[in-house]
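Student: I've got a structure open and I'd like to learn how to read its salt bridges. Could you walk me through some?
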Number of protein chains: 2
Amino acid sequence: MKIPQDTLLLTPGPVAVPHFVMEAISQPVIPHRSQAFYEFYRGLLTDLQYLFQTQAQTCCMVGTGTQGVEAAMYSLFRPGNKVIIPAMGKFSQRWVDYGKIVGLNIVEISIAWGKGLQIDEIEPILKQHPDSAGIILTHCETSTGVGIDLEEISLRCKQVNPEMLVVVDAITSVGVIPFYLDAWKIDCAVIASQKALMNPTGLCAFAMSEQATGRLKATHPADSRNLFNYLAHAEEASYPYTAPVQLLYGIHAALSWIKGETLAKRWNHSHQLAKYFRKVLGQMGGEIFSETPAASLTAFTFPRQNMEGVKEKLEREYGIQISGGQGELKGSILRVSHMGVTGKEEMKKCLEGLRNIQS
Amino acid sequence: MKIPQDTLLLTPGPVAVPHFVMEAISQPVIPHRSQAFYEFYRGLLTDLQYLFQTQAQTCCMVGTGTQGVEAAMYSLFRPGNKVIIPAMGKFSQRWVDYGKIVGLNIVEISIAWGKGLQIDEIEPILKQHPDSAGIILTHCETSTGVGIDLEEISLRCKQVNPEMLVVVDAITSVGVIPFYLDAWKIDCAVIASQKALMNPTGLCAFAMSEQATGRLKATHPADSRNLFNYLAHAEEASYPYTAPVQLLYGIHAALSWIKGETLAKRWNHSHQLAKYFRKVLGQMGGEIFSETPAASLTAFTFPRQNMEGVKEKLEREYGIQISGGQGELKGSILRVSHMGVTGKEEMKKCLEGLRNIQS
C-alpha cells in the first residue's frame, strides 16, 4: 500500500515524527545487556526527570498509553483497594472500567463530557472516603480536550488524605502544558511516546514518588506488567526484558531536543498555538467544546454542521488530518493538536481549510 | 552518547534491522482510525497467516515477547486452570513463574538446561493430567539454543486430550525454522518483532485457532492485556488502542520481503548457516551446548575457557557482538544467531574471531 507522504498530521496523538527522531531510531541496535546500553539508558532516565520535573525515579516500558496507565493501576493497588476515579471522557472512563476488571473498589465521579473535575467536587468525596488508597486523575482528557487544575486537586488530595496515592494519566499533558511532579505531590505519572515526545507509538514512561514505590508489590521478574520490575532494573539503568532499544533512541532524541529548547518554551509554544487557533476559530463561528480546555488540543464544533463531513473534506481537499469525536462524541466534534513541532503556519493552513469548508 | 555504527550484531535477538525495514518505519504516520490504516493492517494480518502457515486469525500487540506470551496465558486460561509447562531454560521457566503469579495450576516438567522436551516424557504426564486446560511449549528455547519436535509433541497432546490448548512460544522459531500452525494443530503461537522479522523490539504478533478464540474471555475493551480485544478488532482490521503504526510499517516490510524470498528459502538459509557454523566450530574444538539444537542459534562452549572473556574480546578486538549465557549459564556458554539477513560471510568473520581468540 502507498503511505501518503505529504499529509499535514494534526491529530492529538499520534503527532508527526520529526526527522531528527527518525534518524535516532534508525541507528544500529546495541545489545541491551551491555555497558553502552546502561550508560545510554541512565542518561535517558535523568532527562525524563527533567520532563516530569522531579527527583523521583523514572522508567520506561514497551506499551501504549493505555497499557501504561493500566500497568500503574495494576502495580500500585491491590484487589479490594478503594480508588477514586473521576470519569469525564473516553480515557478517564477507561480507567474506571479497568479498575473494576482488576477488582478495585472504584468510587466513580461521573462528570459530563466536556466538563472537567472541579476542586469543590473532589473535597466532599475525599472526606466521604477517608480509606481511599488512591485517585486516578486525567490531566488532559484527550477525547474532550478538557484540562483540570491538577496542582490544586492533587495538593488537596494529599492534604485531606496524605496516605492516598495520586496517580496521573499525563499522556497528553507532560511536555505540553505545565506539570510538576514533585511540587504538586503527584505519586505516579504516566506518559506515552506519540504525544509531546513526537515518537512512534509503542513506548510509555513513568515517574514515581518514594511513597508510591514503597507501595509497589515486590514480585517475581516474570510479571511483565508490574512496574516493580521496571523500576528495580532502572536503578541499575537496565531494562528487565528485551529492551526496545531503537524506540528508546527516539525518546532520547526528543528529550535532548526538549532540554535544548527548554520546557518553559515548549509549554509556551502549545499555549500560543492554542490561543491563536481558538481566536481565529471563534471569528469563524466555531465553538470550543471543552469548558476548561487544555492547551494540548482544541475540541470544537461548528453549529449545525456534520463534523465528520468537515473532517473528511479537510483530508480529501486539503490533505490535513485531524480527529473526530470518540465514543458518544463521534460526529459531533473535531479535535486539532497543538503538540509537537507543528507551528503557526500549520494552524493557519488548518484554519483556512476549515473556513473554506464550513462557509 | 555515541552509538557504534560498524558493529556486527550476531545476538540471537535482537537481530540487525535491514535498511528496507528502517525505511518503511520512517514513513509518515497515518491516523489509525482511517480506511488507509484498515487496508494496510488487513494486508499485514494476511501476510502473518503465511508466516504462521495458517488460515486462523492473526493480530498484533504492542509488547515484547514476554508481554506477548504472558498476554496469551492471561487471555486463554482462568485462575485454577491446570496448565502443563515444560521448563528447559530461562524463558520456558518464566512461563512457569508467570502461570503461578496469575493463579494457574501449573504442572511443571523440569528438564535440564541444554536438553529439550522429548515425546516419551510428555505422554505419561498428559495421561496423568487428563483435566489439563492447556500446555505452554517453547519451540526454541533462546537461552540454551534447544529446539523441540513441536510437530510430534503438539499432535500427541491433541491426540491424547483434544480439549487442551497447545500454546507455543514461537518467538525464536517462526520464520526461522519450519513451523505449521494448522498442520501441527497448534492453538496459539506468539512471536516478537526483533527475531525473524528483523524489526526493532516492541511489537508481538499472534495466530490463534478457532478452538482457542472460542476459549477467550470476552471482556471489556479496557483490558489491554486481553487478546480478545485485539482479535475482535482485527476482524475489522482495526487496532483496539492507539496503533503502533510505524512499528507495523516495519513488520509489513519484513513480511513482504519474506514472502518474496519464500518461507522455504528463509528456513533453509538459517539451516545452512547453522550447519556451516557448527561444522567449523567443531573443527576448532568448540562444543555445541544443546542436545537438540534449533537452527535459530548456536549455543556453544570451548572447554576450559572463560566464555565471558571470549565474548568481550570478540567485541573489543573484532567489533562482533554475540550473547553470553543467561541465568545459571552466565559465563559458561556463548550464543550466536543464525536469524535475519546475516549470511555466510558474517558467520566466517565470527568464526575467525573466535579461532584467533581461543587458540
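Tutor: Happy to. Keep in mind that this is a predicted model. Start in chain A, where Arg156(A) and Glu123(A) form a salt bridge through their side chains, at 2.2 Å from N to O.

Student: Why would side chains pair up like that?

Tutor: Opposite charges on side chains can pair when the charged atoms come close.

Student: Which parts of chain A does the pair Arg156(A) and Glu123(A) tie together?

Tutor: Arg156(A) sits in helix H6 (residues 150-160) and Glu123(A) in helix H5 (residues 119-128), so the bridge links parts that are 33 residues apart in sequence.

Student: Is Arg156(A) buried or partly exposed?

Tutor: Its relative accessible area is 22%, so Arg156(A) is partly exposed; buried would mean under 20%.

Student: What about chain B?

Tutor: There, Arg156(B) and Glu123(B) meet in a salt bridge, with 2.2 Å from N to O. Arg156(B) belongs to helix H6 of chain B and Glu123(B) to helix H5 of chain B, so this pair also joins parts 33 residues apart in sequence. Arg156(B) is partly exposed, at 23% relative accessibility.

Student: Which residues join Glu123(A) in a network?

Tutor: Lys127(A) and Arg156(A) do, through salt bridges that share partners.

Note on methods:
Residues are numbered from 1 along each chain as its sequence is written. Chains are lettered from A and ligands numbered from 1 in the order in which they are written. This is a predicted model: local features need pLDDT of at least 70, side-chain atom pairs count only at pLDDT 80 or more; totals for chains, interfaces and linings use all residues. Side-chain values use heavy atoms; hydrogens and water are left out. A salt bridge is a side-chain nitrogen of Lys or Arg within 4 Å of a carboxyl oxygen of Asp or Glu. Helices (H or I, at least four residues) and strands (E, at least two) are DSSP runs, numbered from the N terminus. Buried means under 20% relative accessible area, exposed over 50%, partly exposed in between (1.4 Å probe, protein chains only).
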